[in-house]
Amino acid sequence: MTPMNAAHALYSDILNKPIVDTEYSNFCGVLERWTDVYYVEDILEQLLDDAEVRRHLVEESCDMDNCDDGLSDELMELTSGELAKVLIEGYEDPEWDGVDDDRYLLKPLYNLFFTRDASSTVFDRVLINSMSFEVRERETLIYEAIFKHFFRVPTLNAMAWDRDARTEGGDVQIASSDLLCIGQGIRTNTKGIKYLAQTFAQERPHFNILVQELPKSPESFIHLDMVFTFLGQHECMAFEPMLKKTGLFAGKDTTLITIDNGNIRYRKVSNMVAALRELGWDINPVLGGGSDPWNQLREQWHSGANFFALGDGKIMGYRRNTHTIDALDKAGFAVLNAEDIVSGKVDMNSYSKFVAAFPGSELPRAGGGARCMTMPILRDRV
């Protein structure tokens, strides 16, 4: 990544890779102490042993990146491990002159580690998301292959219903068996939400979708989980201006979509928390950034509301957002350092309510947090 292509890759800066690796290692280490963890490159390498899957991924990837015809044949000759790496990290032009901006014949997938965006679990299916930016479109090829051929689960796809429909996983949150919370903004549009509403209207007699309109700029507001995430059954992390409809959220609608025996109704509500309470939730918000408006803005910029729930009241998030971590501490969450968890010094199972705070100086600058970098955990085994 260079200053010339960072914006195209949807980054606001160039990250320090060695520090990123250390931060990501602590993040993964916490997850591995709690649950089974699957890594995209490992799964992809296994799938590429299948000739049909290999051919599909190579040809579709080359077609989407407008590669020369000969590159497909060249990639097909790579080992599965080499090809998995290339499909993620790109394939460099052997004749690159060191000057031209276009160094890669097959482009790197800069954002692939944000696994939630291109594919997201919706109950017993996976929503293969229709990415809003071309630089991310190839991610869906990989995730669709993984969920179809490795996990073997059914999928949904808004673009198969309408090519202009857009959904991204950071905007889709499962609240309960009959409620989805969805963000509507630059990444997920009204057609994408309509697709989900119509899908569930055909399948379930009663269902609700709570929609929060998001600002189109700055880029820190790209998804709902950048301003709102569930911390457990009775608490959520929220960006206060979203609740009060002030600042960038002035005039931004919160809409409750109610599905009743095939009938779909839309109704404006005051805010996310009020609507959840109306639907019977006993839920209280913890304010990202604490009570100071400037701290709220500063910490939201670095994914201060983006927490991943390992379980009820058991969450992960960036340690750098100190005012947010303090607010969680005051709300009764034990603050645990990721390094202590990874080393075995601290056992998460000893705490009924905690935040596993992992270091993040570089990772947040990529524009996402713990929820963005995960898929859901199977919490209740059947």
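Predicted model: local features only at pLDDT ≥ 70, side-chain atom pairs only at ≥ 80, totals over all residues.
Residues are numbered from 1 along each chain as its sequence is written, and side-chain values use heavy atoms, leaving out hydrogens and water.

Let's begin with the cores. A nonpolar core here is a set of buried Ala, Val, Leu, Ile, Met, Phe, Trp, Tyr and Cys residues joined through side-chain atoms within 4.5 Å, and buried means under 20% relative accessible area, with a 1.4 Å probe and protein chains only. The largest one has 32 residues, and Leu-44, Leu-57 and Ile-142 are among those with the most contacts inside it. Helix H7 (139-150) is one of the elements giving two or more residues to this core; H7 provides the largest share, six residues. Helices are DSSP runs of H or I with at least four residues, strands are E runs of at least two, and both are numbered from the N terminus. Apart from this core lies another, of 30 residues, including Tyr-11 and Met-373.

Now the sheet. Three strands form an open sheet in the order E9-E10-E13, with mixed pairing; two strands pair if DSSP finds at least two bridges between them. E10 (residues 235-238) and E13 run parallel, joined by four bridges, and Met-237 sits opposite Val-286 in E13.

Last, His-302: is it buried or exposed? His-302 is buried, at 16% relative accessible area, in the loop between helix H12 (293-301) and strand E14 (308-311).

Note on methods
Buried < 20%, exposed > 50% of the residue type's maximum accessible area, 1.4 Å probe, protein only.
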